[in-house]
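Morning, everyone. I'd like to walk you through one model today, pockets to begin with and then the packing. Please have a look at the screen.

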Amino acid sequence: MNKITKRGWIELGASLGIFIVLAVIAAFYDLKINQALYNPDSLFGQYFANLGELPSYLAAPLCGTIFFYQGFGRTKAQRILYCVACAGIVFVGYFFAIGHWFWDNFVNESLQYKLVYILVFTLFMTALTLFAGYKIDKKVMRKLLWFALFAAVVIALSNIIVQIMKIIWARQRFRTMVDIEKNAALIAEFGGDFRGFTPWYIPNAIIKNPIRTDAYVEAHKLVDSDTFKSFPSGHTVAAAASFAAIILPDMYPKFKKATWAFWVVPAVYTTLVAISRIVMGAHYLSDVLFGGFIGFGVAALIRWIFLSKIKYFQQQPTEEPKIIVLSE
C-alpha cells in the first residue's frame with residue numbers, strides 16, 4: 001500500500017480549507033457576487049463559457065482511439081467487433097462534440113441541412129483521429145491505455161455525481177431572475193426580487209420553496225429548459241476533466257520534475273471557466289465551487305486508487321520509493 005506523504009496531507013488539508021472557506025462565503029454572498037459580476041456581454045464570459053466543456057467533449061474520441069489500437073480479442077471476429085465498437089465510441093464522441101458543443105456555440109442556427117454537415121464533419125474527424133492513432137508506436141499506445149481508463153473513470157464518475165446533485169438541488173439559475181429583456185414577462189408576473197433564489201445548502205427537491213408553484217416552474221422552463229439545473233456547475237466539472245492529466249507524470253518518469261504543472265494548469269483553466277459562468281449568470285460561486293472540486297476530488301481519489309491498487313503503477317521505475325503526493 002502506497003502512503004501519502006506529510007506534504008501530501010498538507011496539500012490535501014489546504015485544498016479542503018480553501019473549499020470550506022469559499023463554501024462559507026458563498027452561503028452568505030452568492031447572490032451579491034452574481035449581482036456584482038453579471039455581464040452577459042462580456043468577451044471573457046462568452047469565450048470561456050463557449051470553450052469550457054471542450055475537455056469533456058474530446059475525452060470520448062481520445063479514449064476511443066486509444067482503446068481502438070489495443071487489439072483486444074482472442075479471435076479475428078472478436079478483434080474486428082472490438083475495433084468497430086471503439087470506432088463507434090470515437091464517432092459518437094465527435095457527433096456530440098460537433099452537433100452539440102460546436103454547433104450550438106459557433107454555427108448559425110438558421111443553416112439548413114444541419115445533420116448532413118454534422119455527419120460529414122464527424123466522419124472526417126473520426127477517420128483523421130484513427131489515422132493519427134495508427135502513426136503512434138504500438139508500445140506507446142499500449143501504455144496510453146492506462147491514461148484512457150483513468151480519464152474515462154474520472155469524467156464519468158464526476159459527471160454522474162453532478163447530474164444527480166442537479167436533480168436533488170434543482171436550484172434556479174441567476175440569469176432567469178435578472179435578465180430584464182428576456183424575462184420581462186416572468187419578472188412582471190412573479191416579481192423581480194429574486195424570490196426564486198435559494199442558498200446552496202438547501203436541496204429544493206427535499207425542502208420546497210413556497211414560490212415554486214407549478215405555474216412558476218413551467219413558466220420559467222419555457223424560457224430556459226435548464227433554469228433549475230444551476231447546482232453544481234456542469235461546465236465547471238467538464239473543464240475539470242483536464243485534471244485527467246495528473247496521471248501522466250506517474251506513467252512517464254521524465255515528467256516528474258514538472259508534476260506541479262499537471263495540477264496547476266488544469267486548476268487555472270477550471271477557475272477561468274468557473275468565473276466565466278458567474279459572469280454569464282449561469283451559476284453562482286457555490287455552483288462552480290462544488291463543480292470544480294468534484295472534478296478535482298474525483299481525479300485525486302481515482303489517482304490514489306490507481307497508484308495504490310494497480311500493479312502497473314507500482315512497477316513504474318522511480319528514483320525513490322513510491323509515494324503519493326498531490327503535487328510535486
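A word on pockets before the numbers. On a 1 Å grid over the protein atoms alone, a cavity is a set of points where a 1.4 Å probe fits but cannot get out, while a pocket is an open set with protein on both sides within 12 Å along at least five of seven lines. Lining residues have an atom within 4 Å of a point. Grid points are joined across faces, edges and corners, and a volume is the space filled by probe spheres set on the points.

Now the ground rules. This is a predicted model: local features need pLDDT of at least 70, side-chain atom pairs count only at pLDDT 80 or more, and totals for chains, interfaces and linings use all residues. Residues are numbered from 1 along each chain as its sequence is written, and side-chain values use heavy atoms, with hydrogens and water left out.

The second largest pocket holds about 680 Å³ of space. It is lined by 26 residues. Nearest its centre are Ile18, Phe243, Ala267, Thr271 and Phe293. Helices H1 (6-37), H12 (259-279) and H13 (285-309) each give two or more residues to this lining. Helices here are DSSP runs of H or I, at least four residues, numbered from the N terminus. H12 gives the largest share, nine residues. By class, the lining has 19 nonpolar, six polar and one charged residues. For those classes, Ala, Val, Leu, Ile, Met, Phe, Trp, Tyr, Cys and Pro count as nonpolar, Asp, Glu, Lys and Arg as charged, and the others, Gly among them, as polar.

Phe243 sits in the loop between H10 and H11. Is Phe243 buried or exposed? Buried, with a relative accessible area of 4%. Buried means under 20% relative accessible area, exposed means over 50%, and partly exposed is in between, with a 1.4 Å probe and protein chains only. Leaving aside neighbours within four places in sequence, Phe243 is in contact with Phe150, Trp263, Pro266, Ala267, Thr270, Phe296 and Ala299. Contact means heavy atoms within 4.5 Å.

Next, the largest pocket. Its volume is about 1,200 Å³. Of its 34 lining residues, Arg175, Asp226, His235, Arg277 and Ala282 are the closest to the centre. H4 supplies the largest share of the lining, four residues. The lining divides into nine nonpolar, 13 polar and 12 charged residues.

His235 lies in helix H10 (residues 234-239). Its relative accessible area is 15%, so His235 is buried. What does its side chain reach at 3.1 Å? The backbone oxygen of Ala49. The side chains of His235 and Arg277 are also joined by a polar contact of 3.4 Å. A polar contact is a pair of N or O atoms within 3.5 Å; within protein, one must be able to donate a hydrogen and the other to accept it, and residues adjacent in sequence count only if both atoms are side-chain atoms. His235 and Leu51 are 184 residues apart in sequence, yet 9.2 Å apart in space, C-alpha to C-alpha.

On to the packing. A nonpolar core is a set of buried Ala, Val, Leu, Ile, Met, Phe, Trp, Tyr and Cys residues joined through side-chain atoms within 4.5 Å. The largest core has 55 residues, and Phe147, Phe150, Ile247, Phe306 and Phe313 touch the most other members. H13 gives this core its largest share, 12 residues. Beyond four places in sequence, Phe306 is in contact with Trp146, Leu149, Phe150, Ile247 and Phe313. A second, separate core has seven residues, including Leu186, Phe190, Tyr216 and Phe228.

Gln172 is in the loop between H6 and H7. Gln172 counts as buried, at 1% relative accessibility. Its side chain makes a 2.7 Å polar contact with the side chain of Tyr216, and another, of 3.4 Å, with that of His220.

Last, two backbone points. Most residues other than glycine have a negative phi, and most peptide bonds are trans. Ala170, in the loop between H6 and H7, has a positive phi of about 45°. The peptide bond from Phe231 to Pro232 is cis, with omega near -10°. Pro232 lies in the loop between helix H9 (214-223) and H10.
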